[in-house]
Amino acid sequence: MLIVQLSHLDTVEVNYSLLSKQIINDAQLFNGRRKKQFLVCRSILASLLNQYCQIAILPTMVIGDNNRPCFLERNLPDFNISHSQDWVAVAISLDGRVGLDIEVARPRKNYLDVAKSFFADAEYQWMMEQADTLKAFWQLWTLKESALKLYAKGVWQIKSVKVDIEKQLISAPFGQHFYYQYQQVASVHLAVNHNKPITEFILQS
């Protein structure tokens, strides 16, 4: 099962009862919006674990490969966090690994040049054939980013991720299995990648 919670920073409350003292102390390292983002993301993660795994307090987290957060106890569910402007999203996987990326739909200068530089020819051609090329750009971008985050790779490797929308296939030299879901929710492009077939996908917003 794959569960994703998408929220706006202004409409979600932090549930401190699910957070450890360590998390609350760590939040003091940040200020303003960044502090709220830090607490909200961990509160959402804790709520999902409480709801689906009956875990009372957010377990201890550590920084793994390529600065990818994970739980110290490796038998706990894998998770991934993404944020864009005032939106945040948290995904947990009850079976396997998960990569998540969100991007708020917005103008991007020179996005065609970016696509030419970082997309394969076939991806670029598909994008240019769509009625809304900017929307298609964000779809490809989030799919690629979530694939990178699935295997804890950096954005500098985005060119190595190949996306075939029509065949619904993603491939990359660093990973064997990519199973994805993509949706646009209001102004947010959301893509999630999993290393196992997605039998059940729950999107909460």
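How many bridges join S9 to strand S10? Seven, and the two strands run antiparallel.

**View 1. The whole chain, a predicted model.** Residues are numbered from 1 along each chain as its sequence is written, and side-chain values use heavy atoms, leaving out hydrogens and water. In this predicted model, local features need pLDDT of at least 70 and side-chain atom pairs count only at pLDDT 80 or more, while totals for chains, interfaces and linings use all residues. The protein chain has five helices and eleven strands. Both are DSSP runs numbered from the N terminus: helices are H or I with at least four residues, strands are E with at least two. The C-alpha trace spans about 50 × 35 × 25 Å along its principal axes.

**View 2. The open sheet of three strands.** The order is S6-S10-S9, with antiparallel pairing. Two strands pair if DSSP finds at least two bridges between them. S6 (98-104) and S9 (179-185) stand at the edges with a single partner strand each, so one side of each has no neighbour in the sheet. Neighbouring strands are turned by 10° against each other on average, direction ignored.

**View 3. Strands S9 and S10.** S10 covers residues 188-194. Glutamine 181 has valine 192 in S10 as its bridge partner.

**View 4. Helix H5 across the sheet strands.** H5 (residues 133-150) lies across S6, S9 and S10. The helix runs at about 150° to S6. Axes are lines fitted to C-alpha atoms, for helices over the stretch in contact (heavy atoms within 4.5 Å). Angles run from 0 to 180 degrees between N-to-C directions.
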